[in-house]
Amino acid sequence: MGKYFGTDGFRGEANVGLTADHAYKIGKFLGFYFSKKDNNEKCNIAIGKDTRRSSYMFEYALAAGITSTGANALLLHVTTTPSVSYIVRSDNLDAGVMISASHNIYYDNGIKILNGKGEKMEEEILLKIEDYLDGKIEEIPFATKGDIGRTFDYSQGRNRYIGYLISIPMNSFKGYKVALDLANGAAFSIAKAVFDALGAKTLVINNEPNGDNINNNAGSTHIEALQKFVLDEKCDIGFAYDGDADRCIAVDEDGSIVDGDSILYICGSLLKEKNQLKNNTIVTTVMSNLGLYKALDKINIQYEKTDVGDKYVYECIRDKNYSIGGEQSGHIIFSKYAATGDGILTSLQIMETIIERKKSIKELLKEIKIFPQILKNVKVTDKQKCIEDKEIINLVNDVSKELGNDGRVLLRKSGTENLIRIMVEAKDENICKLYIDKIYKKIEELKYIC
């Protein structure tokens, strides 16, 4: 990760950590960089945005930067991250930009950059953008006269993405009552239309964005709203998305949460049954639950573990030719259909699994027992020094031995903040708390706590 760009783009509070000037310069660099072609064709870059108040400001700043160099900016307007990825791939564009801070509060925002394959932009190009932002690269010249680029309304691209999603399921959803929590985010313009077209009786909440209410007690990180709604309306299933709809968390008919690990299990097992699970492997992250691995062992499905971040999951899927992978948070990637996590696509695949298996999601999950897992974030003075301290390492190793095959402990540093994350899994929540406290007290004793 670089100075500005983390695993999921350049994020910060709007006009504090991430400014309109940053967006303009990023657009200018992208327009110039991708305009260097052997032919005289104009460079075309798609821009999508979520519903945050500041997204409009960043959209026009990016467009100004892009067009100032002679490239064209294609505006998808309010749409999802996976839709930008799809349009870049399907329309053979040079790059794509999504303006979103995902599940963060409304006053944060972010800029995610995608390459011509709809994948997250290569690290080497992101580092060049950072150098340009820091004045380490000479100023990029302006286009003049007839060479100045143009801005196009490209809402047709979002509409074609809706059509693409509708074309994927092989079964009608008629007879199913489905609840959708749209997080007052980008999914509000897409998700209900897709489920309605597939025949579901679709009920929605948090679908009136006003610029300030995105993710506000709504969506995949505030699942309690959907849980109550599913129970009150007696729905068969519910799906919650985040602000840019690249993740999905489900709720069963009893209001129980179905996270990314459970989704990987039910969708991966169906792919195996249909001989479509490439290399008989599911890609997970180091944060995936021990219960998932035990359940996969029982049905003879192999798995790989990557660092946390859907970027790393996708790279593993792509490089080793796998079918599916994802994170607990609900970033699920189906490589046959997408190059990024796609919350709406994930919910469609879950519906397909339910219909083809002729079972409820609760029944599909009978064979998986998710272990209690507690994660504690600890603000420290020096995360690198803390995580490499021999006393802490020894304690973590001792805890791991004590847990044996019935639990695990993971100590990792945050990629964006001066935090250490302690994660403990065990058969009993009280055991998790016991070891979390033990490790925390050791960190405190060694005076790393801020």
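In this predicted model, Y303 is partly exposed, with a relative accessible area of 28%, a value that falls between the 20% limit for buried and the 50% limit for exposed. Y293, by contrast, is buried, because its relative accessible area of 3% is under 20%.

**Aromatic pairs**

- Across the whole structure, a search finds 11 aromatic pairs.
- The rings of Y86 and Y161 have centres 5.9 Å apart and planes at 50°, so this pair counts as tilted.
- Because Y86 belongs to helix α3 (residues 81-90) and Y161 to helix α5 (residues 155-167), their pairing ties together parts that are 75 residues apart in sequence.
- Y86 and Y161 are both buried.
- With Y293 in helix α9 (residues 290-298) and Y303 in strand β14 (residues 302-306), the pair ties together parts that are 10 residues apart in sequence.

**Aromatic cluster**

- One aromatic cluster is formed by F29, Y33, F34 and Y132.

**Charges over rings**

- K28 lies over the face of F142, at a distance of 3.8 Å from the ring centre.
- K369 places its charged end over the ring of F371, 5.2 Å from the centre of that ring.

Key
Residues numbered from 1 in each chain as written. Predicted model: local features only at pLDDT ≥ 70, side-chain atom pairs only at ≥ 80, totals over all residues. Heavy atoms only, no water. Phe/Tyr/Trp six-rings, centres within 6.5 Å; stacked < 30°, edge-to-face > 60°. Helix = DSSP H or I, 4+ residues; strand = E, 2+ residues; numbered from the N terminus. Buried < 20%, exposed > 50% of the residue type's maximum accessible area, 1.4 Å probe, protein only. Lys NZ or Arg CZ within 6 Å of the ring centre and 35° of its normal.
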